[in-house]
Amino acid sequence: MKIGILISGRGSNMVALVDAVASGEIPSSEVAVVISDNADAAGLEKATQRGVETVVVERNGRKRADHDAEIIEELKKRGVELVCLAGYMRLLSQPFVQAFPNKIVNIHPSLLPAFPGLDAQKQAFDAGVAITGCTVHYVDELLDHGPVILQRKVPRLPDDTVETLSARILEEEHSLYIDAVKLLVSGG
Ligand code: GRF
């Protein structure tokens with residue numbers, strides 16, 4: 001399975017996937033490219049260090065569909081079959097979603113449909129929930145929306161701050177994303 005990963009920032013989920021592919025934990029796969037819409041994304045350097053090709057495709061004031069068309073072209077010309085969003089901070093246009101039917105997935109740091117959008121960990125913390133977590137889901141044109149593939153719960157502990165809770169969720173994100181991609185690669 002040829003995988004393309006889209007990032008906008010830190011790239012820790014991207015690193016988890018790249019390393020799991022390299023170690024064979026995610027079998028029969030290759031990360032063909034990491035694409036960022038942000039030239040300053042810290043994840044770009046991490047991908048390069050791991051020998052993965054990177055491409056920057058900035059929006060530059062273009063319409064979303066035109067920006068997406070260039071990203072689709074970069075993915076298609078490398079034969080990408082599965083697109084993993086990993087901290088990619090943009091909504092996808094309908095043509096992008098339709099270019100890879102049921103083959104675009106995202107990770108989000110809450111138990112969707114609860115707490116979509118930015119700062120999901122803080123949203124959950126502020127809401128006072130006892131349990132939050134993370135979700136891998138298929139992507140449609142809506143924000144943090146689309147059929148759920150896997151979820152994992154993370155309890156809020158009595159002494160938690162937003163930072164400690166977010167750190168425990170992030171750890172679970174990395175292993176959940178690997179598990180979800182393993183499922184998808186094996187046709188599950
Ligand atoms: C993660 O919390 C992910 O769930 C969300 O954005 C964050 C990206 O972190 N969509 P990283 O860039 O993977 O470190």
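Mentor: In β2, Glu-30 is the bridge partner of Lys-2. This is a predicted model, in which local features need pLDDT of at least 70 and side-chain atom pairs count only at pLDDT 80 or more, while totals for chains, interfaces and linings use all residues. Residues are numbered from 1 along each chain as its sequence is written, and side-chain values use heavy atoms, with hydrogens and water left out.

Trainee: How many bridges join β1 to strand β2?

Mentor: Strands are DSSP runs of E with at least two residues, helices are runs of H or I with at least four, and both are numbered from the N terminus. Two strands pair if DSSP finds at least two bridges between them. β1 and β2 (residues 30-36) run parallel, and the number of bridges joining them is six.

Trainee: Which residue in β4 is the bridge partner of Gly-4?

Mentor: β1 also pairs with strand β4 (residues 82-85), in the parallel sense and over four bridges. Within β4, the bridge partner of Gly-4 is Val-83.

Trainee: How many of the six residues of strand β1 are buried?

Mentor: Buried means under 20% relative accessible area, exposed means over 50%, and partly exposed lies in between, using a 1.4 Å probe and protein chains only. Strand β1 (residues 2-7) is mostly covered, and the number of its six residues that are buried is five.
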